[in-house]
Structure formats: structure tokens, C-alpha cells
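Colleague: I am new to reading protein models. Could we go through this one step by step?

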Amino acid sequence: MRSISTRLAAWYALAATVTLACLFVVGYQLLESYLIHGLDLLNTAEFEQIRARLGPDYKTLSLDVVNQRIRTTTEYASVLFYFDVNIPKHSTVFYSANLRGRVIPDVPKKHRYDASVPGIGPLRVAEFLLPPFDVTIATSSAQVFKVMDGYVEVCTGLLIAMLAVSTVIGFGLSWLALRPVRLIRETASRIGSDNLSERIPIAGVRDEISELARLLNQMFNRLESSFKQVRRFAAEASHELKTPLSLVRLQAEKLLVDGRLSPADEDSVQMQLEELARLNQIIEELLFLSRAEARAITLQLKPQDPCRFLHTFGQDARVLAEHHGRVFVLVREGEGLAAFEAQRIRQVLLNLLANAVAASPRDGVITLRSTFGSGVWRVSVEDQGAGVPPSERERIFERFVRLGERSGDESGSGLGLAICRSIIELHRGRIWAEAAAGGQGLKVVFEIPATGLVPQGIAESIASAGGERVPSREGEPVPLSEETET
Ligand SMILES: Nc1ncnc2c1ncn2[C@@H]1O[C@H](COP(=O)(O)OP(=O)(O)OP(=O)(O)O)[C@@H](O)[C@H]1O
Ligand SMILES: [Mg+2]
């Protein structure tokens, strides 16, 4: 049983049922002894009646007279009582006919006991001394056992009902008792690094659970302030570094402009300037990431048809790919509108393209595919490079993560995909990496919610313009509207 509520319900049901069972057992003992005591009283009353009828001078009477007196006294009671009056080791004085020749068993040294006579059933026996007679009077205890059997049946039924009812009540109670815990769990699972301001609601009463919620809220307060400090530090450090860096760059440029450096010094200053430019870019990127995390960046998201945007990007991408000896292919399937900021999506695509170019072999094909469907605009960039092992496909979106041979390549900082994810999340979309279609190479895919279909008039004007043509893989111009359609 893994759930606490199930365990609580089971314990509750068990405790309630066992308590009731104990009460029933005690009740059984009391009722039985009460009923048996009643039979003893009856036997005693009957004996008192016989003694009274025999009178104080019964010792002077003949045995026949004694028999006669006992018979007349017990006649009316023969349905209830069994009698055996005798003089020990001598003779039987009176023997009731309802015993049908059977003997009431004797238990030595006991005057009140239970016995069973075949053909008659269970009896409660009482022995009395009326010297020189021994008077044995017995009453059937079958009714007592019948009552006790009925009691057991009723109690068993009640115990089963109790078990069922207490299980239901136990579940209800544990559901109520654990409600605050569920609330804590739901709220805590919503609180993440991007949503640290949410707090667990605290009930008015001061109990253990509200105390726990208060402690958790205090922990979230501390976490939030630490996160804020870290973000502020990253943002401020990046910002503060920019000014001295600009000054160093200006100084270096001045040295070059003055022209008083030897060729060797000039080379080294040139190298410094390149490194400075790289450092500057890293700072810009870190600044962007910390501002995006602090939700300090708001995008101008306007619904638009990505057709023109993709066409323009495709032209630039082709030039860039050709420059590095790679082949670029743009495939556009379906039409629709998506709310995006062109400049930011261009930044994402440029980084994906740069990664694909760096990973691709010479003459490798890089495919940019844009599709609309299931309420999203989906764009993927696929290459024919070495790819990324499945276990690393999520890690490459972390900051400063660079894999394999390229990690020796000093041109990148490992921030590109982290920025891509930030930008796509600002567009309320998602981005991930998977194996390329042929099994070789990497395919990075992002999705942004689609906002509708392209209005008819706009679609026609784009088609009639006819000027939007992207070079195909072979270098032949293909109108956008004729690209692979599905
Ligand atoms: N298409 C790809 N094929 C193989 N590996 C890739 C591909 N794209 C990214 N990677 C791996 O993921 C790492 C992280 O990529 P990311 O774009 O974040 O950083 P970068 O390209 O190294 O540097 P930056 O983009 O900041 O200049 C890369 O260093 C590379 O190892
Ligand atoms: Mg990159």
C-alpha cells in the first residue's frame, strides 16, 4: 500500500472493527453468564418449593410420602425441570419421568455445572443437600445456546458492516485530512526557476500542516531571493564589463590607427581585438539570457505568414552555406499564420544554421523545413553531420555545453542553443533535438503556436507576385508555392 490515504483508511477500519469485536466478545461473556445465572436461580427456586412442600419434619415421613409430595409439587414443572432425588448409595426416592430412564451426569465437588444428556440435550444442573436426600434439579440450556448463536450471527453481520462502513469513512477522513498536503504538492510542483513567486496557500488554523506550508514558503522566499541575486549579479556583471571592454577595444584600435607598431605587435593587437569581440558577444548573450529569465524581455509578437521571412532567410542561408561548401535546401509545407518576432526567429535560425554548417561534411546537405499542422508552426534544421548521442540531446541546450571535436574550436561559446531555447520559450513554443531522418546527423526542431490560416487575398497576392523564388538544392530556381506540398 503506497498511498498514505489508503494506509490511513485501512488502519482506521481495522481499529474500529477490532474495537467493536472486543466489545462483542465481552458482551458475549456477560450475556451468557447472565442467562446461565438465570437458570441457576430457577433451579434454586424450584428446590425451595420442594423443601417447603416437604415441610420441616420431612425426616419422619416415609419414602412413599416423600415421593408423593415431590410428585405433586413438580407435576406442573415437568416441562421445564428434570428431577433426581435419592439417598446416596442407597435408593432413588424420586425420578422425573421426562428423563426417560437417563441419568443426569454427576460432576464431583461441583454443585452448579453444565452437562449434556443424549436425547435430551444440554442441561444446567444444580445439586442441593436435604439430608438424607441429594436433590438434583436440571433445566434445559438449549435456549441459552440458541440465543448465543443468534448473538454471534448478529455480531458477525455487524462486524462486516462495520468494516465496510469504517473503510468508507476512513477514506473520506484521510481524503479530508490530506487535502492540505495535496494542495502543497500541487503548488510545489508548479514552482520552478521560471515561476518562483507562487506560494502555498496557508489555512487559517495553526496546525502541523500549515506550519509545514509556512516553512516551505519561507524556503521558497529564500530561494527566490537567491535566484534574484544570481540573476541580478549576472546581469550587472555583464553590464559592468561592457564599459571597460569598450575602453580596451578603443585603446587597441587607437594603437592600430597610430601605425607605430611593428608588424608582429600589430598581429598580436589584431588578435586581442578578435578575442575582445568574442568576449563582447558572450557578455551580450549572457545579458540576454539573464534578462529573458527575469522576464525583462517582451517580444512584439504579431501574427504573420512566415513565407516572406523564410524566403529572405533562405537566400542568406544559401550564400552562407555555399561559402562553407555546404548545400542549403528550403522546404515549405502548408500555409498559416504564427505570432513571432522576425528578428529573434532569424537569430535562432542563424544559430541552428551555423551549428549545422559546422557539423556537416563538405557538400553536406542542410535542410530547413517549415510545416503547419496540429495548431503549430514547426521548423526544423537538419544536417548530415555526425549528430549528437541521444543522452546528450537535451544537454546541448544548457549554457556553455559544447560536445566532441568542436569543443576545441574556439569560435563558439556554447551559448547558442541556450539562447535559441530562451527565444522560443518567449514565443510560448518549444525546441528540441532529434536524430535526422536518415539516422545520420542532427535535426533541431522548434514549434510555435499557429494563430490561424493565411487570409485568401494575401495568399493570392504572394502567389501572383511570382518573384519569391528560392534556389533549390541544384541551384535551379523553384517558386515557393511549388515547393514540396503536403
Ligand atoms: N547540428 C549539430 N550537430 C552536431 N552537434 C551539434 C549540432 N548543433 C549543436 N551541436 C553541439 O551542441 C553544442 C552546443 O551548441 P551551441 O549552439 O549552444 O554552442 P556553439 O555552437 O558551440 O557555440 P555558439 O553557438 O555559442 O557560438 C555544440 O558545441 C555542438 O557540440
Ligand atoms: Mg551554435
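Colleague: Is Cys 155 buried or exposed?

Modeller: First, remember that this is a predicted model. Buried means under 20% relative accessible area. Cys 155 has 9% relative accessibility. That is under the cut-off, so Cys 155 counts as buried.

Colleague: How many disulfides does a search of the whole structure find?

Modeller: A disulfide needs two cysteine sulfur atoms within 2.5 Å. Take Cys 155: the closest cysteine sulfur is in Cys 22, 12 Å away, so that is too far for a bond. Over the whole structure, the number of disulfides found is 0.

Colleague: What is the relative accessible area of Cys 420?

Modeller: Cys 420 is buried. The cut-off for buried is under 20%. For Cys 420 the value is 2%.

Colleague: Where do Asn 351 and Asn 355 lie?

Modeller: They are 4 residues apart. That spacing is about one turn of the helix. Both sit within residues 342–359, which is helix H8.

Colleague: At what angle do helix H3 and helix H4 pack?

Modeller: Two packed helices are described by the angle between their axes and the distance between the axes. For H3 (residues 142–177) and H4 (residues 179–190), the axes are 4 Å apart. The angle is about 45°. That makes H3 oblique to H4.

Colleague: Which residues make the contact, and how do they divide by type?

Modeller: H3 gives Trp 175, Leu 176 and Ala 177. H4 gives Arg 179, Pro 180 and Arg 182. The residues of this contact divide into 4 nonpolar, no polar and 2 charged.

Colleague: What separates the C-alpha atoms of Leu 256 and Glu 266?

Modeller: Leu 256 is in helix H5 (residues 208–258). Glu 266 is 10 residues from Leu 256 along the chain. Leu 256 touches Glu 266, and also Leu 261, Val 269, Gln 270 and Leu 273. The C-alpha atoms of Leu 256 and Glu 266 are separated by 6.6 Å.

Colleague: Is Lys 443 buried or exposed?

Modeller: Lys 443 is in strand S12 (residues 442–452). Its contacts beyond four places in sequence include Glu 382, Trp 432 and Glu 434. Its relative accessible area is 18%, under the 20% cut-off, so Lys 443 is buried.

Colleague: Is the peptide bond from Pro 131 to Pro 132 cis or trans?

Modeller: Pro 132 is in the loop between strand S4 (121–130) and strand S5 (133–140). Omega for the bond from Pro 131 to Pro 132 is near 10°. The bond is cis.

Colleague: What is phi of Arg 100?

Modeller: Arg 100 is in the loop between strand S2 (91–95) and strand S3 (112–117). Arg 100 is exposed, at 54% relative accessibility. Phi is positive in this residue, which is not glycine. The value is near 50°.

Colleague: And what is phi of Lys 109?

Modeller: Lys 109 is in the loop between S2 and S3. At 85% relative accessibility, Lys 109 counts as exposed. Lys 109 is not a glycine, yet its phi is positive, at about 65°.

Notes: Residues are numbered from 1 along each chain as its sequence is written. Chains are lettered from A and ligands numbered from 1 in the order in which they are written. This is a predicted model: local features need pLDDT of at least 70, side-chain atom pairs count only at pLDDT 80 or more; totals for chains, interfaces and linings use all residues. Side-chain values use heavy atoms; hydrogens and water are left out. Helices (H or I, at least four residues) and strands (E, at least two) are DSSP runs, numbered from the N terminus. Buried means under 20% relative accessible area, exposed over 50%, partly exposed in between (1.4 Å probe, protein chains only). Contact means heavy atoms within 4.5 Å. Axes are lines fitted to C-alpha atoms, for helices over the stretch in contact, and angles run from 0 to 180 degrees between N-to-C directions. Angles under 35 degrees count as roughly parallel, over 145 as roughly antiparallel, 65 to 115 as roughly perpendicular and the rest as oblique. Ala, Val, Leu, Ile, Met, Phe, Trp, Tyr, Cys and Pro count as nonpolar, Asp, Glu, Lys and Arg as charged, and the others, Gly among them, as polar.
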